[in-house]
Amino acid sequence: MSGLAALLAGHTPPKVYQWHNAASVEDVRHAVEKAGWCFRYLDGWTIEDKETFLKATATSLELPDYFGENLDALADSLDDIDCGEHGMVLLWDGWSPLARHDEKAFGKVKRILDKRAESDRRGKLAVIMRGEGPGIEAEELPIKH
């Protein structure tokens, strides 16, 4: 069973994972939504600073207009996301530009995502950071064989 399938079936706990897989965004979306999860996509290839990250994340996660565009507001908004019974999968392609150009902001974002993914207060959140980048502490989501 692929790592994504195991996650969607509940065999792997939702948390922040690093994933090396070339599946198209639409194929991932289809698998996630077919399993009953909400899907969100963050294209981070041009995101190199905290402000750009927050704006792109607000759009990707469909955060309310009153989102404060700071990291505390992001943490609060993540707690308010409720995607029903199964939860949400956030596929974050291109996380490495932020990690390389604004290491401090990336570290804070990663901690916020880790904390929210480990909590099931308001529904599950799984974050899939796809691709290569500077060393991070994230478990690997296995590649489909």
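Here is a tour of salt bridges, stop by stop.

Keep in mind that you're looking at a predicted model. There are six salt bridges in the structure, and we'll visit a few of them.

**Stop one: helix α2.** Select residues 25-34, which make up helix α2. Now show the side chains of Glu26 and Arg29: they meet in a salt bridge, 3.4 Å from N to O. The two sit three residues apart in the helix, so about one helical turn separates them. Glu26 is partly exposed at 49% relative accessibility, and Arg29 is partly exposed too, at 25%.

Glu33 is partly exposed, with a relative accessible area of 42%. Show Glu26, Arg29 and Glu33 together and you have a network of salt bridges.

**Stop three: between strands.** Next, select Asp93 and Arg130. Their side chains meet in a salt bridge at 2.6 Å, N to O. Asp93 belongs to strand β3 (residues 88-93) and Arg130 to strand β4 (residues 125-130), so this pair ties together parts that are 37 residues apart in sequence.

Are these two partners buried or exposed? Asp93 is buried, because its relative accessible area is 7%, under the 20% cut-off. Arg130 counts as buried as well, at 8%.

Note on methods: Residues are numbered from 1 along each chain as its sequence is written. This is a predicted model: local features need pLDDT of at least 70, side-chain atom pairs count only at pLDDT 80 or more; totals for chains, interfaces and linings use all residues. Side-chain values use heavy atoms; hydrogens and water are left out. A salt bridge is a side-chain nitrogen of Lys or Arg within 4 Å of a carboxyl oxygen of Asp or Glu. Helices (H or I, at least four residues) and strands (E, at least two) are DSSP runs, numbered from the N terminus. Buried means under 20% relative accessible area, exposed over 50%, partly exposed in between (1.4 Å probe, protein chains only).
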